[in-house]
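Welcome to my notebook. I opened one protein model and looked things up piece by piece.

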Amino acid sequence: MVVGTIVREVDKLINVDLRSYRTLPGWPISFQSKKNGKRKICVDYRDLNKACPKDDFPLPNMEILTHRQGFEKFSFIDCYSGYNQIRMAPEDAKKTAFRTPKGNFYNKVMPFGLKNAGATYQRAMTTIFQDMMHKEIEDYVDDIVVKSGKGENHIAVLDRVFERCRANKMKMNPLKCSFGVSVGTFLGFVFHRNGIEVDPSKIKAILEMPPPITLKQLKSLMGKISYIR
């Protein structure tokens with residue numbers, strides 16, 4: 001059953017031109033469950049990552065992204081397989097080869113699991129939307145929130161975003177996008193006109209846990225809260 005699932009996933013990736021067959025040594029693979037119940041192939045790139053120098057391009061500061069208010073309309077955009085929209089350098093692509101029951105394959109596009117994938121994608125998004133960031137949009141890797149102070153201006157802002165997405169051949173996942181809404185979630189926070197709040201679903205376990213009644217339980221609770229900030 002597992003072998004059949006792997007073969008089907010590989011066939012799917014080949015059909016959308018994400019993988020190319022080569023007789024090369026490859027890294028081992030495994031499965032990872034997603035929130036929607038589906039499973040995706042994960043390649044063990046740990047040894048490859050150890051040999052790669054770290055890209056120190058900074059990810060956005062969460063404080064800057066979430067401490068803004070006074071906007072009336074929002075659109076929440078999820079880029080479809082965002083990392084896969086960036087091509088691998090031909091001289092590096094073969095280093096991502098992985099083993100499957102159907103043969104060895106390598107990535108023509110940037111796969112998940114590489115330690116510099118997030119920094120590489122963030123650099124691309126910063127280049128594309130630099131003049132709009134912290135004004136009309138907020139972006140964290142492949143998640144974008146478009147915002148406007150007045151509802152009637154929102155379509156114009158969205159049009160600019162779509163135009164740049166088309167110019168750079170960026171694709172969106174329609175199942176994870178919402179447009180022209182007054183409330184929505186972004187990076188675990190609820191965005192609305194009056195400000196930003198923590199998503200209740202993210203802190204449900206904390207809200208429902210029994211209050212500490214001993215010093216040991218209190219210290220344990222404080223340690224957990226400190227860890228997750």
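Below are my entries, one topic at a time.

**Entry 1: ground rules**

I am working with a predicted model, in which local features need pLDDT of at least 70 and side-chain atom pairs count only at pLDDT 80 or more, while totals for chains, interfaces and linings use all residues. Residues are numbered from 1 along each chain as its sequence is written, and side-chain values use heavy atoms, with hydrogens and water left out.

**Entry 2: the whole chain**

I started with the secondary structure and found eight helices and 12 strands in the protein chain. Helices (H or I, at least four residues) and strands (E, at least two) are DSSP runs, numbered from the N terminus.

Next I looked up burial. Of the 229 residues in the protein chain, 36% are buried. Here buried means under 20% relative accessible area, exposed means over 50%, and partly exposed lies in between (1.4 Å probe, protein chains only).

I also noted the accessible surface of the protein chain, about 14600 Å², with 56% of it belonging to carbon and sulfur atoms. Such areas come from the Shrake-Rupley method with a 1.4 Å probe, and for residues only the protein chains shown count as cover.

Then I turned to contacts, meaning heavy atoms within 4.5 Å. Taking contacts in the protein chain between residues at least 6 apart in sequence, I read that 67% join residues at least 24 apart.

**Entry 3: cysteines**

How many disulfides does a search of the whole structure find? I got zero. A disulfide is a covalent bond between the sulfur atoms of two cysteines. The cut-off used is a pair of cysteine sulfur atoms within 2.5 Å.

I checked Cys177 in particular. Its closest cysteine sulfur is in Cys79, 7.7 Å away, so the two are too far apart for a bond. Cys177 is also buried, because its relative accessibility is 15%. Cys42 is buried too, at 18%.

**Entry 4: salt bridges**

I counted nine salt bridges in the structure. The rule asks for a side-chain nitrogen of Lys or Arg within 4 Å of a carboxyl oxygen of Asp or Glu.

I looked at Asp56 and Lys54, whose side chains meet in a salt bridge at 3.5 Å, N to O. Asp56 is exposed at 61% relative accessibility, and Lys54 is exposed at 60%.

Asp92 and Lys95 form another salt bridge, at 2.9 Å, N to O. Asp92 is partly exposed at 30%, and Lys95 is partly exposed at 46%.

Then I came to Arg164 and Asp131, a salt bridge with its closest N and O atoms 2.6 Å apart. Where do the two partners of this pair sit? Arg164 is in helix H6 (residues 154–167), while Asp131 is in the loop between helix H5 (117–129) and strand S7 (137–140), so the pair links distant parts of the chain, 33 residues apart. Asp131 is partly exposed, with a relative accessible area of 41%. I also found that Asp131, Glu136, Arg160 and Arg164 belong to one network, joined by salt bridges that share partners.

**Entry 5: aromatic rings**

Rings of Phe, Tyr and Trp (its six-membered ring) pair if their centres lie within 6.5 Å; planes under 30 degrees apart count as stacked, over 60 as edge-to-face and the rest as tilted. By this rule I have three aromatic pairs. Phe74 and Phe76 form a stacked pair, 6.0 Å centre to centre with 25 degrees between the planes.

**Entry 6: His154 and its neighbours**

I found His154 in helix H6, where it counts as buried because its relative accessibility is 3%. Not counting residues up to four places away in sequence, His154 touches Lys73, Phe74, Ser75, Val146, Lys147, Ser148 and Gly180. Phe74, from the stacked pair, is thus one of the residues His154 touches.

Leu215, Leu218 and Met222 make a nonpolar surface patch of about 300 Å². Patches are made of residues with over 30% relative accessible area and no salt bridge: like charges are joined within 9 Å, and nonpolar side chains (Val, Leu, Ile, Met, Phe, Trp, Tyr) within 5 Å. Leu215 belongs to helix H8 (residues 215–228) and is exposed at 57% relative accessibility.

Lastly I looked up Ile206, which is in helix H7 (residues 204–208) and is partly exposed, with a relative accessible area of 30%. Ile206 and Ile225 are 19 residues apart in sequence and 8.6 Å apart in space, C-alpha to C-alpha.
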